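I opened the model to look up how its side chains pair and pack. My entries follow in the order I made them.

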Amino acid sequence: MKSSNSKILDNKLYLYLTEFFAGMSVMAVELGASRLLAPYFSSSQIVWTIIIGTIMIAMALGNIMGGRWADKNPNPDKLYGRIIIAAIWIALIPVVGKYIVIGISALLVFTVSTNFLVIAAFAACMIIFVFPLFLLGTVTPSLVKYTVDSLDDSGKVVGYLNASNTIGSIIGTFVPTFISIPAVGTSITFLIFAGILMLLAIIYFVNGKIRSVKAVVGVIIFLIACIFGHGDSFAFWEKDLTYEGESIYNYLQVYEDDNKVVLSTNVLFGVQSVYRKEKTLTGMYYDYAMAAPYMAGIKEKDNVKILVLGMGTGTYATQCSRYFDNVTVEGVEIDQKITDLAHEYFELPEEVKVTTYDGRAYLEALKAEKKHKTYDISADQAANLKYDVIMVDAYQDITIPFQMSSVEFFDLVKSQLKDDGVMVVNMNMKTDTEGGINDYLSDTISSVFDTVYTVDVQNNTNRELFASNNPDMINRMVKGVEQETDEDLKNMMDKVDDSLVKYQAEDLILTDDKAPVELLSMKAIDALIRDEVDYYKGIYEEQGLEGLLEHF
């Protein structure tokens with residue numbers, strides 16, 4: 001062992017701390033990777049699989065090469081030099097990572113016709129994350145070389161090293177998710193863990209009074225990264241965002257103009273909520289979904305109860321409260337930060353109750369609570385506890401929660417609807433491809449409800465689905481619309497009525513056991529991207545680069 005710092009190496013505690021912080025940093029970078037990529041590629045199971053897979057590749061290669069290097073040149077200076085390089089790389093991720101992601105996406109979107117999300121996310125992971133985690137993967141085999149003094153205690157020492165790594169990994173899993181990312185953001189989280197690794201290596205070199213060019217240069221680059229990489233802007237080309245930040249669940253972006261306020265949880269594609277400042281209809285799917293209260297008999301009842309699963313910023317709830325004076329609207333939204341933004345920027349009425357919970361878990365809890373209450377109340381009172389309308393609006397680009405797409409889920413929704421109640425589902429990846437995600441969702445819903453209609457939102461990729469066990473729901477809607485006094489709303493409902501199509505179901509059924517929604521959604525996203533790219537390719541072919549730039 002050729003080291004000028006044998007004193008610190010004699011302290012096994014320091015070596016265990018090295019293993020601890022290396023394991024902690026690997027998991028922190030993995031979680032940071034998911035947050036860095038999510039605003040561009042979503043946080044679906046596909047993206048998580050790519051992140052985990054590439055990181056395991058890096059760690060495996062690091063273990064192999066770390067062992068070889070430790071045998072060939074057992075000098076700890078080399079190991080701590082690699083830790084400095086890994087720290088520098090991780091610190092630079094907030095500075096250049098988002099530019100790399102955008103550059104890869106821009107390159108691939110015009111060259112790849114299928115599996116864009118998979119290829120782009122994989123390429124981004126390989127370029128941004130593999131090298132520093134490969135270097136951290138060399139830590140364990142190197143430390144084994146430095147800590148094992150004899151075969152008599154080799155098992156115990158290796159066990160302590162692995163335990164240190166595992167405990168560090170556990171802490172590195174919880175701290176970013178629950179503390180650092182919500183508190184200070186993804187960028188500073190990368191800098192924090194890069195700083196920990198840098199400090200670990202600097203202590204080694206300073207304690208041994210070793211003059212290391214790597215250490216000096218590393219500190220300088222780290223400080224530069226802290227200056228330029230502490231910002232949390234993923235959409236760096238946007239200069240007038242009203243709000244940009246992160247929550248435990250999402251990247252969040254709010255932007256506005258003279259007419260509207262918009263929430264997006266994705267930088268490259270997708271809009272989650274739109275609110276019109278002039279307090280009129282939006283022209284989007286929220287307007288089409290307002291047919292559901294008419295189908296449920298809003299003109300016949302004293303009060304109509306509406307539940308929104310996937311409340312978002314509450315545009316649908318706000319519109320229902322504004323246009324109908326006999327509704328009670330409540331919502332479920334898993335992300336409390338989105339609810340806060342709804343009140344701050346989207347004028348969500350204070351009287352609209354919002355529960356911070358998962359949509360399906362909320363229905364399960366509601367079902368159990370109502371089952372308990374029915375022991376003490378009549379059948380009519382029990383029926384009144386149910387909803388006239390349940391809107392399912394939890395499908396966000398490719399991140400469709402599988403547990404809210406299955407037969408079991410829609411059975412649960414049905415159990416919380418009145419006998420003549422209506423479920424409306426916003427499906428936001430409309431394509432003409434047969435056997436796509438919307439066909440699966442529609443067939444699954446049709447296996448639960450007797451009557452199903454769909455309507456495509458004009459000039460949009462959304463499709464609204466209405467489902468009920470009341471075969472007369474369309475006639476009820478028509479009669480209700482005839483009584484409507486608001487001309488804009490009446491015209492909108494007439495438009496919906498003209499476009500409604502009775503759904504003819506097949507047998508593409510999603511269940512809790514088998515719901516490949518990520519793969520189906522990826523195909524739909526590919527089709528949408530392909531159509532968009534073909535449009536711009538046509539402009540380029542006809543008008544050249546100058547004509548293309550005029551469209552942006």
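**Salt bridges**

I counted 14 salt bridges, taking a side-chain nitrogen of Lys or Arg within 4 Å of a carboxyl oxygen of Asp or Glu. I note that this is a predicted model, in which local features need pLDDT of at least 70, side-chain atom pairs count only at pLDDT 80 or more, and totals for chains, interfaces and linings use all residues. Residues are numbered from 1 along each chain as its sequence is written, and side-chain values use heavy atoms, with hydrogens and water left out.

I looked up D71 and found a salt bridge with K145, the closest N and O atoms being 3.0 Å apart. D71 lies in helix α3 and K145 in helix α7 (residues 139–147), so the pair ties together parts that are 74 residues apart in sequence. Helices here are DSSP runs of H or I with at least four residues, strands are runs of E with at least two, and both are numbered from the N terminus. D71 is exposed at 54% relative accessible area, and K145 is partly exposed at 36%. For these words I used under 20% relative accessible area for buried, over 50% for exposed and partly exposed in between, with a 1.4 Å probe and protein chains only.

Next I checked E347, which forms a salt bridge with K279; their closest N and O atoms are 3.1 Å apart. E347 is in the loop between α14 (336–345) and β7 (353–355), and K279 is in the loop between β4 (273–276) and α11 (285–289), 68 residues apart. E347 is partly exposed at 44%, as is K279 at 40%.

R476 forms a salt bridge with D420, with the closest N and O atoms 2.9 Å apart. R476 sits in helix α19 (residues 473–482) and D420 in strand β9 (residues 417–427), so this pair ties together parts 56 residues apart in sequence. Is R476 buried or exposed? I read a relative accessible area of 14%, so R476 is buried. Salt bridges with shared partners join R476 and D420 with E300, K301, D388 and K418 into one network.

**Aromatic rings**

I counted 13 aromatic pairs, pairing rings of Phe, Tyr and Trp (its six-membered ring) if their centres lie within 6.5 Å, with planes under 30 degrees apart called stacked, over 60 edge-to-face and the rest tilted. W69 and F134 are edge-to-face, at 6.0 Å centre to centre and 85 degrees between the planes. W69 is in helix α3 (residues 45–72) and F134 in helix α6 (residues 130–137), 65 residues apart. W69 is partly exposed at 32%, whereas F134 is buried at 15%. I also noted a cluster of Y14, Y80, Y204 and F205, linked by ring pairs.

**Nonpolar cores**

How many residues does the largest nonpolar core have? I found 64, and those with the most contacts inside it include L37, F41, Y80 and L133. A core here is a set of buried Ala, Val, Leu, Ile, Met, Phe, Trp, Tyr and Cys residues joined through side-chain atoms within 4.5 Å. Helix α4 (residues 76–109) gives the most to this core, with 14 residues. A second, separate core has 46 residues, among them A292, V304, F466 and I474.
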